[in-house]
Amino acid sequence: MNIFVLTGAGVSAESGLGTFRDKDGLWSRFDPMKLATPEAFAHDPDQVHAFYNMRRQNLLSAEPNAAHRALARLEAGLAERGGSLFLCTQNIDDLHERAGAKRVLHMHGELLKARCTACGDTMLWHEDLSVAAPFPSCRHSGGLRPHVVWFGEMPLEMDAIYDALLGANLFVAIGTSGSVYPAAGFVSEARGHGIRTCEINLEPSDNARQFDERRYGEASEVVPVWVEQVLSQKI
Ligand code: BV8
């Protein structure tokens, strides 16, 4: 069985990273159009860097939760059975990897990487970022940014994502509100190709009605149960 899992901020909520659109979420305290767009970065790079520096420090003190660990078990368990997990995340944290997942596609980039705006080089970066910092590999300076996809920018590896999506037997969205595209459109893409769909979330998402199966609750409780059922082939 080939499963395509799309995760969102809800899978990391119980690790303390907060979500975007829940009542006390990031976008209720910060304006995404002032912090998560290329125009915002051009206008006030220091403010944008401060926003991501705060989130990077939060991430470095966060730990994966049972949902991240269950998805790592799913990856190994499917491989043992000749199947595969394609784990695509909208999240810019590294909690899937720290929980043991071997292949994670970060379609919206990674908070623990920096990118040189002059040449596109990326590298691991755990410290605070500022535009002034010189980029070690290419020596350009003055244009460092987080390796993150902002609104209005093309998400990463979309061809690989659609190839994997259309080759899946099951599409599962976990911890996402289904409000940001193109990720929010994956479920209708899957349905259009006759692929079974399942939503696992705290509450119905914006596109809940498009899912064949829906399971609700805290990810750290619902995801491990679902993974054990998949691996014991009860579903
Ligand atoms: C693009 C990185 C084009 C930065 C992010 C109309 C139609 C189609 C598109 C658009 C449109 N209008 C505007 C657009 C474009 C825009 C968009 O979709 N806007 C929305 C607001 C309408 N999209 C884009 O700009 C994308 N790019 O379209 O490019 C293009 C084409 C050609 C050439 C160039 C460009 C890029 C979008 C990426 C933006 N970057 N993140 C950062 O992190 O700072 S988006 C950000 O929000 C996240 O990455 C994530 O992807 C997204 C959605 O967030 P979620 O993960 O779903 O989190 P949310 O808080 O919303 O929901 C959490 C869920 O978890 C909730 O449902 C909650 O109930 C649940 N939950 C909470 N706790 C738990 C839980 N579940 C389980 N257990 C729990 N404990």
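Modeller: Let's go through the sheets and then the helices on them. Keep in mind that this is a predicted model.

Biologist: Okay, what's the strand order in the six-stranded open sheet?

Modeller: The order is 3-2-1-7-8-9, and the pairing is parallel. Strand 3 (104-106) and strand 9 (213-216) are the edge strands, each pairing on one side only. On average, neighbouring strands there are turned by 20° against each other, ignoring direction.

Biologist: How many bridges join strand 7 to strand 8?

Modeller: Five, between residues 170-174 of strand 7 and residues 196-201 of strand 8. For example, Phe-171 has Thr-197 in strand 8 as its bridge partner.

Biologist: And which strands does helix 7 touch?

Modeller: Helix 7 (residues 158-166) packs on the sheet against strands 1, 2, 3 and 7, and its direction makes about 140° with that of strand 2. Helix 5 (residues 66-80) lies across strand 1, strand 2 and strand 7, at about 150° to strand 2.

Biologist: Switching topic: is the pairing in the three-stranded sheet parallel or antiparallel?

Modeller: Antiparallel, in an open sheet with the order 5-4-6. Strand 5 (122-124) and strand 6 (144-148) each have a single partner strand, so one side of each has no neighbour in the sheet. The twist averages 45° from one strand to the next.

Biologist: Which helix lies across strand 4 and strand 6?

Modeller: Helix 4 (residues 45-60), running at about 135° to strand 4.

Notes. Residues numbered from 1 in each chain as written. Predicted model: local features only at pLDDT ≥ 70, side-chain atom pairs only at ≥ 80, totals over all residues. Heavy atoms only, no water. Pairing = 2+ DSSP bridges. Helix = DSSP H or I, 4+ residues; strand = E, 2+ residues; numbered from the N terminus. Axes fitted to C-alpha atoms, helices over the stretch in contact; angles between N-to-C directions. Contact = heavy atoms within 4.5 Å.
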